[in-house]
Amino acid sequence: MENLHGAIFDLDGTLLDSMGIWRKIDVDFLGKRGIEMTPDYPEEITALDSRSAAEYTIRRYGFADTPEMLMKEWNGMCREAYHHTVQLKPGAEELVKRLFACSVKIAAATALAEELFLPALRRLRLADCVSAFACCNEVTRGKGSPDVYLLAAERIGVIPQNCIVFEDILAGVRSAKQAGFSVCGVFDESSKQDWQNICSEADFAVRNFSQAERLLFENK
């Protein structure tokens, strides 16, 4: 804690318990059309951008919709979820507020759109604790490179060596480590297949934020 001046949190799957929301959107979207979602559908669209996912869905199910129509429907379902449904991971509020009380500058590094994450953080009473946001669409490379974390650190005025990154995906853990950040791996069901590697490559890894709080503050 003596050299910790900044903390950067990923949002989806790390600070926000949101990954199950995306599966529910898929289930509800297909269910309205009388189609039961099979396990291979989310696997096929996970790595696609919104337009490509819409085009794939139209081809697969023979929908008459345009990609724009599906994207508009998905965006509306996402907004509804982030504005009203998505919750924090266990212990997240307590850790963020304790870091904030200790004058640690807090940033978020996320692939989410601002129209989704800001209403969620305001509803969950954390927006005032976060000094800066860095979004993946502001940098040229994804989380397989450290660009978004470096941008977040720059915006809170903290060098990587004095900053910790909280991340639930292996690519993010690796790239943040390579850039000189301390890294806490955070468990999420969506990335459980990588959990063993996350545990071995992060500086430490936790199942919930209560564990992280104990590890960070136990010597205070």
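The model is predicted, so its local features need pLDDT of at least 70, side-chain atom pairs count only at pLDDT 80 or more, and totals for chains, interfaces and linings use all residues. Residues are numbered from 1 along each chain as its sequence is written, and side-chain values use heavy atoms, with hydrogens and water left out.

**Stop 1: helices α3 and α4**

Select residues 50–61, helix α3, together with residues 67–84, helix α4. Helices (H or I, at least four residues) and strands (E, at least two) are DSSP runs, numbered from the N terminus. The two helices pack at an angle of about 115°, and their axes are 9 Å apart; axes are lines fitted to C-alpha atoms, for helices over the stretch in contact, and angles run from 0 to 180 degrees between N-to-C directions. This makes α3 roughly perpendicular to α4, a term for angles of 65 to 115 degrees. The crossing of α3 past α4 is right-handed, meaning that the near helix is turned clockwise from the far one by less than a right angle.

Next, display the side chains at the contact (heavy atoms within 4.5 Å). From α3 come Ser50, Arg51, Ala53, Ala54, Glu55, Thr57 and Ile58, and from α4 come Pro67, Glu68, Leu70, Met71 and Trp74. These residues comprise seven nonpolar, two polar and three charged. Here Ala, Val, Leu, Ile, Met, Phe, Trp, Tyr, Cys and Pro count as nonpolar, Asp, Glu, Lys and Arg as charged, and the others, Gly among them, as polar.

**Stop 2**

Select residues 92–101, helix α5, in which Ala92, Glu93, Leu95, Val96 and Leu99 are buried. Buried means under 20% relative accessible area, exposed over 50%, and partly exposed in between (1.4 Å probe, protein chains only). Against these buried residues pack β1 (6–9), β3 (87–88), β4 (105–110), β6 (163–167) and α10 (209–217).

Move on to Ser103, in the loop between α5 and β4. Ser103 is not a glycine, yet it has a positive phi of about 65°. With a relative accessible area of 64%, Ser103 is exposed.

**Stop 3: Arg125**

Arg125 is found in the loop between α6 (114–123) and β5 (132–135). This residue also is not a glycine and has a positive phi of about 65°. Its relative accessibility is 55%, so Arg125 counts as exposed.

**Stop 4: helix α8 and Val173**

Select residues 170–178, helix α8, whose buried residues are Leu170, Gly172, Val173, Ser175 and Ala176. Their cover includes α7 (147–156), β6, β7 (182–186) and α9 (195–201).

Center the view on Val173, which is buried at 0% relative accessibility. Leaving aside residues up to four places away in sequence, Val173 touches Glu167, Val183, Ile198, Glu201 and Ala202. Val173 and Val183 are ten residues apart in sequence, with 6.4 Å between their C-alpha atoms. After α8 comes Gly180, with a positive phi near 100°.

**Stop 5: the cysteines**

Finally, select the cysteines: the structure holds zero disulfides (pairs of cysteine sulfur atoms within 2.5 Å). For Cys129, the nearest cysteine sulfur is that of Cys102, 12 Å away. Cys129 is buried, at 7% relative accessibility. For Cys136, the nearest cysteine sulfur belongs to Cys135, 7.6 Å away. Cys136 is likewise buried, at 17% relative accessibility.

Terms used:
Angles under 35 degrees count as roughly parallel, over 145 as roughly antiparallel, 65 to 115 as roughly perpendicular and the rest as oblique.
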